[in-house]
Amino acid sequence: MTTREQITNELARLCAINTAAVRGEARLIEYGLDSLRSLELVIALEERFDLELPDELIAHVRTVDDMVALIERRLA
């Protein structure tokens, strides 16, 4: 499973939406991610990918594509 697919699955699970509805250019807030759900997403992704996502980097994430790029950079 690709990084994008894993992120999409987590986002869909947390927001109770279908994975097919997740678009890369969409802002995370469009899926109902408030501050609490955003924190839950970050924690879930840190566990899934076994890495740390510092707050100063997360602060710049606005879209699904941003999150994919951040995690792929951290994994490289």
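The following exercises, each with a worked solution, concern a predicted model.

Residues are numbered from 1 along each chain as its sequence is written, and side-chain values use heavy atoms, with hydrogens and water left out. Because the model is predicted, local features need pLDDT of at least 70 and side-chain atom pairs count only at pLDDT 80 or more, while totals for chains, interfaces and linings use all residues.

**Exercise 1.** Determine where T8 lies, whether T8 is buried or exposed, and which residues T8 contacts.

*Solution.* 
Step 1. T8 belongs to helix α1, which covers residues 3-15. Helices (H or I, at least four residues) and strands (E, at least two) are DSSP runs, numbered from the N terminus.
Step 2. The relative accessible area of T8 is 12%, so T8 is buried. The classes are buried (under 20% relative accessible area), exposed (over 50%) and partly exposed (in between), with a 1.4 Å probe and protein chains only.
Step 3. The T8 side chain reaches the backbone oxygen of R4 at 2.8 Å.
Step 4. Apart from neighbours within four places in sequence, T8 is in contact with T19 and V22. Contact means heavy atoms within 4.5 Å.

**Exercise 2.** Classify M1 and Q6 by accessibility and list the contacts of each.

*Solution.* 
Step 1. M1 lies in the segment before α1, whereas Q6 is in helix α1.
Step 2. M1 counts as exposed because its relative accessibility is 67%. Q6 counts as buried because its relative accessibility is 15%.
Step 3. Not counting residues up to four places away in sequence, M1 touches Q6 and N9. On that basis, Q6 touches M1, R48 and F49.
Step 4. Although M1 and D65 are 64 residues apart along the chain, their C-alpha atoms are separated by 16 Å.

**Exercise 3.** Describe the position of R48 and its link to E10.

*Solution.* 
Step 1. R48 is found in helix α2.
Step 2. Its relative accessible area is 37%, and therefore R48 is partly exposed.
Step 3. Leaving aside neighbours within four places in sequence, R48 is in contact with Q6 and E10.
Step 4. The side chains of R48 and E10 are joined by a polar contact of 2.7 Å. A polar contact is a pair of N or O atoms within 3.5 Å; within protein, one must be able to donate a hydrogen and the other to accept it, and residues adjacent in sequence count only if both atoms are side-chain atoms.

**Exercise 4.** Compare A16 and D50 in location, phi and accessibility.

*Solution.* 
Step 1. A16 is in the loop between α1 and α2; D50 is in the loop between α2 and α3 (55-58).
Step 2. Phi is near 55° for A16, a positive value in a residue other than glycine. For D50, also a residue other than glycine, phi is positive and near 50°.
Step 3. A16 counts as exposed because its relative accessibility is 71%. D50 likewise counts as exposed, at 71% relative accessibility.

**Exercise 5.** State where L75 lies and which residues L75 touches.

*Solution.* 
Step 1. L75 is found in helix α4.
Step 2. With a relative accessible area of 42%, L75 is partly exposed.
Step 3. L75 touches T3, F49 and L51, not counting residues up to four places away in sequence.
Step 4. L75 and T3 are 72 residues apart along the chain, and their C-alpha atoms are separated by 9.8 Å.
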